[in-house]
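Thank you all for making the time. I would like to walk you through one structure this morning, slowly, and for those who are meeting it here for the first time.

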Amino acid sequence: MKIRIKTLATALCVASLMLATACKEKAAEQNETATEQKEAKAEMGPEYTSAYVCPMHCEGSGSDEAGNCPKCGMAYVANDDHKGDGHDH
């Protein structure tokens, strides 16, 4: 009886450790992916990083002032992701 209890307790400990490790790895992967996405978006150019952007994200479009896209003529929309000082916090 004692051997079964010890075996069960050991199995539960091992399973708990495996689960905790898997969860930490998943969280690290999600943080890394989010960081990569932000960096990629920043490298794309003004069509993603300006205060006002074209809804079609035409290459080279985007402005710090409201207006129309010089490529397609659509009205710029406010970029919710824009940070005036360049910081995300």
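Two helices and two strands make up the secondary structure of this chain, and if you follow the elements from the N terminus, they come in the order α-α-β-β. Please keep in mind throughout that this is a predicted model. Of the 89 residues in the chain, 13% are buried.

Let me turn to the charges on the surface. A patch of negative charge is found there, gathered from E25, E29, E32 and E36. Taking E36 as our example, this residue belongs to helix 1, which spans residues 2-43, and with a relative accessibility of 45% E36 is classed as partly exposed, because that class lies between the 20% limit for buried and the 50% limit for exposed.

Next, the cysteines. How many disulfides does the structure hold? The number is zero. As a reminder, a disulfide is a covalent bond that joins the sulfur atoms of two cysteines. C72 is also partly exposed, its relative accessible area being 38%.

Finally, a point about the backbone. H57 sits in the loop that runs between strand 1 (52-53) and strand 2 (77-78), and its phi is near 50°, which is a positive value in a residue other than glycine. With a relative accessible area of 32%, H57 too is partly exposed.

Terms used
Residues numbered from 1 in each chain as written. Predicted model: local features only at pLDDT ≥ 70, side-chain atom pairs only at ≥ 80, totals over all residues. Heavy atoms only, no water. Patch = residues over 30% accessible without salt bridge, like charges linked within 9 Å, V, L, I, M, F, W, Y side chains within 5 Å. Areas by Shrake-Rupley, 256 points an atom, 1.4 Å probe, with all protein chains shown as cover. Salt bridge = Lys/Arg side-chain N within 4 Å of Asp/Glu carboxyl O. Lys, Arg positive; Asp, Glu negative; His and termini not counted. Charge placed at Lys NZ, Arg CZ, Asp CG, Glu CD. Helix = DSSP H or I, 4+ residues; strand = E, 2+ residues; numbered from the N terminus. Buried < 20%, exposed > 50% of the residue type's maximum accessible area, 1.4 Å probe, protein only. Disulfide = S-S within 2.5 Å.
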